[in-house]
Amino acid sequence: MGIQLIGSVYGTAAYVCSYMCKSESEEVRKAIRDALESLPPQASTRKRLSRIGNTMLTHRELSAQEAAYRLCHLPLKENSRKVVFLNTARPEKRMRLLKSRSELLELEDDSSDIFAPGIFDRYASRPDTPEFANMTLAHFAVWYDVDS
């Protein structure tokens, strides 16, 4: 196992890029160096990482398979499982989303119904049919999305 000490955010970006580029040609490394040198010294980390990413995308060599996938806009990876985050904190400590601005403007002035319904609200108001009777919150969250 190789371990390397990284002392800054810039060092992290440099390490990740060098790891990604280790099989790349010297041309790509030079293009990244040139891209970073063309930035002003006070450029933000975000701007530096963006420049590195753009340089990688425009200068690195692709396999025929990756090129075909990119040209056809196919996903380069897929998941066989769906992951949904369920905040299991007490209800009074959970983060909630506000309704949209237009929905808030339509409310009565004294209304306190400012939160958009979340997964717990939708689970509590699910239909009272045999299909849903014994369904757990986890199954409900994974199988039923809200169409907007």
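**A walk through the helices**

L98 sits in the loop that links helix 4 (64-71) to helix 5 (101-106); helices here are DSSP runs of H or I, at least four residues, numbered from the N terminus. This is a predicted model, where local features need pLDDT of at least 70 and side-chain atom pairs pLDDT 80 or more, while totals for chains, interfaces and linings use all residues. Residues count from 1 along each chain as its sequence is written, and side-chain values use heavy atoms, leaving out hydrogens and water.

Now for helix 2 (residues 26-37) and helix 3 (residues 45-59): their axes come within 9 Å and cross at roughly 150°. Those axes are lines fitted to C-alpha atoms over the stretch in contact, with angles running from 0 to 180 degrees between N-to-C directions. On the helix 2 side, V28, A31, I32, A35 and L36 meet R48, R51, I52, T55, M56 and H59 of helix 3 (contact means heavy atoms within 4.5 Å).

Because D34 and K30 are four residues apart in helix 2, about one helical turn separates them.

Technical notes: Helix = DSSP H or I, 4+ residues; strand = E, 2+ residues; numbered from the N terminus.
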